[in-house]
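Good morning, and thank you for making time for this presentation.

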Amino acid sequence: MKELLRTNDPTLVAFATTLLRGEGINCFHMDVYMSVLEGSVGILPQRMMVRDADLFRARAILRDNDIPLPEER
């Protein structure tokens with residue numbers, strides 16, 4: 001699995017998830033429940049992971065919808 005997106009914005013995570021699932025790409029969310037440990041202030045970002053084989057297509061989908069992505073590694 002590769003990291004596709006890292007953000008503190010839960011609405012961006014939901015939007016990106018909807019876009020990817022609409023195109024048949026499954027994604028896995030990491031660090032979703034870390035806000036419980038941090039006091040729900042949103043300091044720790046959530047990560048969205050996709051399969052290696054889906055990474056190129058997933059990046060293209062998010063770019064086409066003006067979602068900022070981290071620098072490609």
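Predicted model: local features only at pLDDT ≥ 70, side-chain atom pairs only at ≥ 80, totals over all residues.

**Salt bridges, sheet and core**

Let me start with Asp31, which counts as partly exposed at 26% relative accessibility. Here buried means under 20% relative accessible area, exposed over 50%, and partly exposed in between, with a 1.4 Å probe and protein chains only. Residues are numbered from 1 along each chain as its sequence is written, and side-chain values use heavy atoms, with hydrogens and water left out.

Which side chain meets that of Asp31 in a salt bridge? It is the side chain of Arg47, at 2.6 Å from N to O. A salt bridge here is a side-chain nitrogen of Lys or Arg within 4 Å of a carboxyl oxygen of Asp or Glu. Asp31 lies in the loop between strand 2 and helix 2 (34–38), and Arg47 in strand 3, so the pair ties together parts that are 16 residues apart in sequence. Arg47 is also partly exposed, at 21% relative accessibility. Helices (H or I, at least four residues) and strands (E, at least two) are DSSP runs, numbered from the N terminus.

A search of the whole structure finds 3 salt bridges. Another of them joins the side chains of Arg6 and Glu3, at 2.7 Å from N to O. Arg6 is partly exposed, with a relative accessible area of 44%, whereas Glu3 is buried, at 13%. Arg51 forms a salt bridge with Asp54, their closest N and O atoms being 3.2 Å apart, and Asp54 counts as buried at 12% relative accessibility.

I turn now to the sheet. In general, strands of a sheet pair through backbone hydrogen bonds, either parallel or antiparallel. In this model, an open sheet of 3 strands has the order 1-3-2, with antiparallel pairing; two strands pair if DSSP finds at least two bridges between them. Strand 1 (2–7) and strand 2 (27–30) are the edge strands, each pairing on one side only. From one strand to the next, the twist averages 25°. Strand 1 is joined to strand 3 (residues 46–50) by 5 bridges, and Leu5 has Met48 as its bridge partner in strand 3.

Helix 1 (residues 10–22) packs on the sheet, touching strand 1, strand 2 and strand 3, and its direction makes about 10° with that of strand 3. Contact means heavy atoms within 4.5 Å. Helix 3 (residues 55–64) lies across strand 1 and strand 3, running at about 30° to strand 1. The axes are lines fitted to C-alpha atoms, for helices over the stretch in contact, and angles run from 0 to 180 degrees between N-to-C directions.

Finally, the core. Which residues touch the most other members of the largest nonpolar core? Of its 16 residues, they are Leu4, Leu5, Leu20, Met48, Val50, Leu62 and Ile67. Such a core is a set of buried Ala, Val, Leu, Ile, Met, Phe, Trp, Tyr and Cys residues joined through side-chain atoms within 4.5 Å. Helix 1 gives the most to this core, with 5 residues. Leaving aside its neighbours within four places in sequence, Leu62 is in contact with Leu4, Ala16, Leu19, Leu20, Ile67 and Leu69.
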